[in-house]
Amino acid sequence: MNETTLPQSLIEKLRFANRVVVLTGAGISAESRIPTFRDALTGLWAKYKPEELATPEAFISNPKLVWDWYQWRCSLVSHASPNPGHNALVQMEKHVPHFTLVTQNVDSLHARAGNNHVLELHGNISRTRCFQENTIVTSWKEDGQSPPRCPSCGGMLRPDVVWFGESLPQDVLEQAAKASAACDVFFSIGTSAVVFPAASLVYEAMRNRAVTVEINPTPTAQAGELSYALQGPAGEILPALIEETWG
Ligand code: BJW
């Protein structure tokens with residue numbers, strides 16, 4: 001854990017916290033061998049920037065490229081398993097009276113680890129929807145087209161994720177903002193904190209004078225504004241934090 005000593009004041013605060021919000025990003029799944037979003041892509045995908053593929057404009061101009069990229073990522077996700085960081089958050093949920101887990105990840109690993117209620121801000125890569133009708137589609141004809149077509153209208157199918165310039169699911173964002181504005185402790189784990197509105201949730205928590213904590217091997221631009229910046233991998237810091245707090 002980079003010899004990070006867990007602050008005793010944080011442990012005390014967490015032990016008696018009534019409302020805790022955890023916001024996670026791609027870094028929590030890095031130890032499950034899912035590349036983070038802003039990692040340089042390798043192999044086949046090395047010449048593309050993820051930010052440039054995750055837009056409706058990219059899909060319109062090259063739907064096959066974007067669909068194939070999501071298929072590749074979907075297959076990485078389906079072969080991945082939750083890691084000790086995900087598992088530690090399942091324990092945290094058991095100990096905290098009002099616990100809200102908010103994720104920017106689309107990989108389902110929190111639910112697969114066993115967290116009961118996960119607010120998915122950016123959708124889920126395993127769901128598919130019609131680009132034209134915006135409806136969830138669960139089956140379609142595999143006739144070699146990439147992307148496949150909607151069985152109802154013939155439009156292109158796309159992953160049910162939130163791309164840049166698209167709105168987040170309103171109800172999910174409202175629940176996340178409400179929980180953040182009322183919490184005693186707010187964690188920001190494995191996110192570069194550059195994508196909004198997810199990156200602004202911590203400011204809701206600050207307005208409530210919550211204790212704010214970042215867990216990341218590389219401190220983000222937000223780190224200086226937070227109560228604690230714990231530097232190291234989530235898969236090491238989180239299990240240690242659970243053990244010290246409730247072990
Ligand atoms: C570890 C680790 C280990 C490594 N342990 N840590 C306000 C100001 C400026 C701009 C905007 C604004 N409001 C809205 C915008 C525009 C835009 C935006 O934020 N742009 C910025 C980039 C400037 N936002 C939007 O467009 C959003 N829509 C919206 O707001 O609608 C209304 C609106 C529209 C237009 C204008 C204004 C308002 C939608 C955002 C959708 C983001 N979608 C994506 C793709 C999802 C599908 C997919 O997965 O393909 O979501 S982009 C991508 O970034 C993905 C991620 O969820 C998201 C965040 O990335 P994350 O998780 O932080 O990953 P990384 O890779 O960046 O960081 C990983 C971190 O882990 C690093 O820090 C590592 O150090 C760390 N790490 N190993 C712990 N072991």
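Start with strand E4, residues 123–130. Select E5 as well: two bridges join E4 to E5, and the two strands run antiparallel. Keep in mind that this is a predicted model. Now pick Thr128 and look across to E5. Its bridge partner there is Val137.

**The sheet around E4**

The three strands make an open sheet in the order E5-E4-E6, and the pairing is antiparallel. Which strands stand at the edges? They are E5 (136–137) and E6 (157–161). Each has a single partner strand, so one side of each is left without a neighbour in the sheet. Strands of a sheet pair through backbone hydrogen bonds, in parallel or antiparallel fashion.

Stay here for one more stop. Select the loop between E5 and E6, where Pro147 is found. Look at the peptide bond from Ser146 to Pro147. This bond is cis, with omega near 5°.

**Two domains**

Zoom out and colour by domain. Domain 1 takes in 1–33, 82–122 and 168–247. Domain 2 takes in 35–79 and 124–161. How far apart do the C-alpha centres of the two domains lie? The distance is 28 Å.

Next, show the residues where the domains meet. From domain 1 there are 13 residues in contact with twelve residues of domain 2. The area buried between the domains is about 850 Å². Carbon and sulfur atoms give 52% of that area. Then select Ala26, Val106 and Glu120. They supply 41% of the area that domain 1 buries against domain 2, more than any other three residues.

**Charges and polar pairs between the domains**

Side chains of opposite charge can pair when their charged atoms come close. Between domain 1 and domain 2, the salt bridge count is one. The count of residue pairs in polar contact between these domains is four. Now look at the side of domain 1 that touches domain 2. Its residues divide into five nonpolar, four polar and four charged.

**Along the loop between E1 and H2**

Stay in this loop and select Arg33, which has its place between E1 and H2. Check the backbone. Arg33 has a positive phi of about 65°, although it is not a glycine.

Move to Gly27, in the loop between E1 and H2. Which residues is Gly27 in contact with, leaving aside its neighbours within four places in sequence? They are Thr36 and Gly190. Now draw a line from Gly27 to Ser139. The two are 112 residues apart in sequence, and their C-alpha atoms are 32 Å apart in space.

**Last stop: Pro197**

Finish at Pro197. Select the loop between strand E7 (185–189) and helix H8 (201–207), where Pro197 lies. Is the peptide bond from Phe196 to Pro197 cis or trans? It is cis, with omega near 5°.

Note on methods. Residues are numbered from 1 along each chain as its sequence is written. This is a predicted model: local features need pLDDT of at least 70, side-chain atom pairs count only at pLDDT 80 or more; totals for chains, interfaces and linings use all residues. Side-chain values use heavy atoms; hydrogens and water are left out. Domain bounds come from an automatic or database domain assignment. Contact means heavy atoms within 4.5 Å. Buried area is the accessible area (1.4 Å probe) that two parts lose on being put together, summed over both. A salt bridge is a side-chain nitrogen of Lys or Arg within 4 Å of a carboxyl oxygen of Asp or Glu. A polar contact is a pair of N or O atoms within 3.5 Å; within protein, one must be able to donate a hydrogen and the other to accept it, and residues adjacent in sequence count only if both atoms are side-chain atoms. Ala, Val, Leu, Ile, Met, Phe, Trp, Tyr, Cys and Pro count as nonpolar, Asp, Glu, Lys and Arg as charged, and the others, Gly among them, as polar. Two strands pair if DSSP finds at least two bridges between them. Helices (H or I, at least four residues) and strands (E, at least two) are DSSP runs, numbered from the N terminus.
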